[in-house]
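Have the viewer open and follow along.

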Amino acid sequence: MKNNYLPKEAKIIGVIKENEKTNTLILCLPDQQNFQFVPGQFMMIGLPGFGECAISLSSDANLASEYLSLTIRAVGNLTQKLCQMKKGDKVFLRGPFGNGFPEMQGPTIIIGGGCGFIPLRSVLISNQKKIADWRVFIGCAYSKNLVFAADLANWEKRAEINVIFEKEIFPDVCPEKGSVLDILKKQSFTSKENAFICGPIKMYAGVVKILLQKGLKAENIWLSLEKRMHCGLGVCQHCAIGDRYVCKDGPVFDLRFLLETNYIKL
Amino acid sequence: MNQLEFAKFLSYLFCSGNVIAPTADRSSLRVKKIEKLAEVDLTGALPENSFKDFILPKGEILFGYADLKVDSAKEEMQYLFGVNILDLQALTLFEFVFEKDSYLQKRRQNYFVIGFSSGIEDDYRKYQVFHDQFEDNILEHVLFDVFVEKQKNGQYKFFAGSEKGQKLLTEAEVDDFENIEFAGLIKENGVDQKILQNLSAVENSEAEFLWEELGEKCLACGRCSAICPTCFCFNLEDSFDEFGKIYKKRRQTSCFSPEFSQINGDFRELGSAKEKIFFWYYHKFVRIPKEFNYFGCVGCGRCSKVCPVGISVAENLAKLQKLKKSNNEK
């Protein structure tokens, strides 16, 4: 019987500093050639003595057999330690876990709040050839909190990228202060569009309200949730939501389920 | 089988492994490892604790980080004897919940579940449970190795519920036993009505004022979940031994504990007692029944007995059912 709790030792083959508190670890598993994932899925990453936590995959799923990357914000003991790690260091990984964002037809709206953009980076980079009619909306408190700045510049050539800062103005690119809600309010959408959303939970109700008002269908709106997780298998109960588990059935759910369970109240 | 032969069977268990059974411990009845046959309680009364901690220990080492190896030492043979029908249902649930857990499945090979009923009428009075579970075919819907029923005439009737149980009885020279084949969790006439009634009463009740009242009253001490035979929440944690070696450990926890839902440093999704107690009821009466079509609460009433502020699950379920009924009538 497979031991689902046993991690694999992975080597850090590169570190990218995304911002003051956030690093991307580029990792290689001993059997990386067999590794596959769907954007939106997550890994359990751990260090001996510091425990484990769930982190979304941020890399290109098409290159999963070569490497994977996890983008980590230093907020607790484990993540602070992970953000100090260097090329050549080892970490322990389990996964991938859960269900990622679905394959959707038609134009897609990507909405990320702060660090919530991490799994959405994987969606964008894994679908680079399809993003011509996609629109990306990113909200952050300060420009120093932005992640994947280099990618954004690159994607700007292919898709529509909108960035807004709550507390900063850049006259050429972000002439107004505000939240992602403020830029969404000014947009028009159609019922054929899909939305992939990831960010702090307090952002969700507001975003969803706007999207529904502007014509999107609830079944085409997909949101990624963040919960404390231990087992990753839908047993330990930490990440239970309604009658499902974020680790096993999520972390990406369609809006209908989140409304039914009152997890998002409009 | 008469009393002497029954005692012979018990002696066989003591000779060939550890016996975990209910025993009188000062003024209470507790399940623990016992050394002598005379210590086994055969009244059929509900012990204070359940057999849970022997299946899912409060803390267990899963592997060491140094070599990522699992301890392969064979655990001693254990006989969980005197498991009453309610605790048998709880252990049955565990078998399904931990079906893919290599640690519990390995442990399962090294223990026998031996149910015991001291006579249905007596049992029912002593259990003081809030719903009657004693249907004729109950043994077909629980997992066990051996079941012993004390009959009204003082004789003991043996049942084998698994091949392992049949082998044990043969080795213990019990020739006269009936084989019971597990017929699945769901009974012939469908999912238990009690399960469905409780599910519908709890599922959409979050807005009810009752949860406010319970939130005011509940201390979130977690004694209910610690004593509950079907509570199995756990943490995976790192721990150090005296030589500084680091291990991955599984530790029982409670959804009432402050850090249960903590993320990003200090954000707690289950922050208030109201949110915690609703989460707990939802697990018992909605999530488990939907996942397994089975009881998430076996109705033993232990939680109510240990609750320092006297919260009774039975009373609250009755209130929720009444509320559901009156809401339907509106």
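Helices (H or I, at least four residues) and strands (E, at least two) are DSSP runs, numbered from the N terminus. With that in hand, A:P96 lies in strand 6 (residues 90–97) of chain A. Before going on, some ground rules. This is a predicted model, where local features need pLDDT of at least 70, side-chain atom pairs count only at pLDDT 80 or more, and totals for chains, interfaces and linings use all residues. Residues are numbered from 1 along each chain as its sequence is written, chains are lettered from A and ligands numbered from 1 in the order in which they are written, and side-chain values use heavy atoms, with hydrogens and water left out.

Most residues other than glycine have a negative phi, and most peptide bonds are trans.

| Cis bond | Omega | Where the proline sits |
|---|---|---|
| A:G95 and A:P96 | about 5 degrees | strand 6 (residues 90–97) of chain A |
| A:G250 and A:P251 | about 0 degrees | loop between strand 13 and strand 14 (252–254) of chain A |

Over in chain B, B:R26 has a positive phi of about 50 degrees without being a glycine. Look for B:R26 in the loop between strand 1 (18–25) and strand 2 (28–34) of chain B.

**Where the chains meet**

Contact (heavy atoms within 4.5 Å) brings in 39 residues from chain B and 35 residues from chain A. Together the two chains bury about 3,100 Å², 58% of it on carbon and sulfur atoms; buried area is the accessible area (1.4 Å probe) that two parts lose on being put together, summed over both.

A salt bridge puts a side-chain nitrogen of Lys or Arg within 4 Å of a carboxyl oxygen of Asp or Glu. The structure has 26 salt bridges over all chains, and the count between chain B and chain A is 3. One of them pairs A:K227 with B:E269, with the closest N and O atoms 2.2 Å apart. Another salt bridge joins B:K290 to A:D243, at 3.1 Å between the closest N and O atoms. That pair runs from helix 10 of chain B to the loop between strand 12 (240–241) and strand 13 (244–245) of chain A.

**Two helices inside chain B**

Helix 7 (residues 193–203) and helix 12 (residues 313–329) of chain B pack at about 75 degrees, with axes 9 Å apart. Axes are lines fitted to C-alpha atoms over the stretch in contact, and angles run from 0 to 180 degrees between N-to-C directions. Helix 7 and helix 12 of chain B are therefore roughly perpendicular, a label covering 65 to 115 degrees.

Methods:
Angles under 35 degrees count as roughly parallel, over 145 as roughly antiparallel, 65 to 115 as roughly perpendicular and the rest as oblique.
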